[in-house]
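User: I have a model open and want to learn how to read it. Can you take me through it feature by feature?

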Amino acid sequence: MRRLLLSTLYGTLLVGGSLLSTTVPAQTEPRKDVDPAALFARLGCTLCHAPGARYHERLVQSASKSEQELVKWIRNPEQFAPGTTMPTYASLVDEPTALALARWIKSGGPAARK
């Protein structure tokens with residue numbers, strides 16, 4: 001049941017999210033009411049990017065990117081890597097929320113000590 005729900009959600013995100021803009025204005029401020037670690041878990045990112053997971057090292061390497069690049073990738077990875085297995089989150093994560101998540105990733109993300 002969970003797999004079906006996730007597949008449906010990802011399919012919806014991939015179809016609907018690809019039509020949305022991924023531009024990030026320089027004046028965008030991160031949302032202050034977002035818990036990036038909780039959001040990371042809630043979106044299912046831990047399945048692929050938690051320490052020891054298949055794509056954790058890519059997440060670690062992404063910390064060298066600019067915040068704006070990470071926001072664009074989080075919201076619409078298909079724009080940069082057609083055929084990527086990472087779902088598009090543009091319809092679920094607005095730019096200020098993605099920026100909060102990007103800053104958390106740059107500060108160490110799931111591997112950072114609390």
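Predicted model: local features only at pLDDT ≥ 70, side-chain atom pairs only at ≥ 80, totals over all residues.

Analyst: Residues are numbered from 1 along each chain as its sequence is written, and side-chain values use heavy atoms, without hydrogens and water.

User: Where is confidence lowest, and where is it highest?

Analyst: pLDDT is the predictor's confidence in each residue, from 0 to 100. The chain mean is 81, and 75% of residues reach 70 or more. Helix α1 (residues 2-17) is lowest, at a mean of 43, while α5 is highest, at 96. Helices here are DSSP runs (H or I, at least four residues), numbered from the N terminus.

User: Which residues of the largest nonpolar core touch the most other members?

Analyst: In soluble globular proteins, nonpolar side chains tend to be buried together. A nonpolar core is a set of buried Ala, Val, Leu, Ile, Met, Phe, Trp, Tyr and Cys residues joined through side-chain atoms within 4.5 Å. Buried means under 20% relative accessible area (1.4 Å probe, protein chains only). Here the largest core has 20 residues, and F40, L43, I74, Y89, L101, W104 and I105 touch the most other members. α2 (36-42), α5 (67-75) and α6 (95-106) each supply at least two residues. The largest share, seven residues, comes from α6.

User: At what angle do α5 and α6 pack?

Analyst: Axes are lines fitted to C-alpha atoms over the stretch in contact, and angles run from 0 to 180 degrees between N-to-C directions. For α5 and α6 the angle is about 115 degrees, with axes 8 Å apart.

Notes:
Buried < 20%, exposed > 50% of the residue type's maximum accessible area, 1.4 Å probe, protein only.
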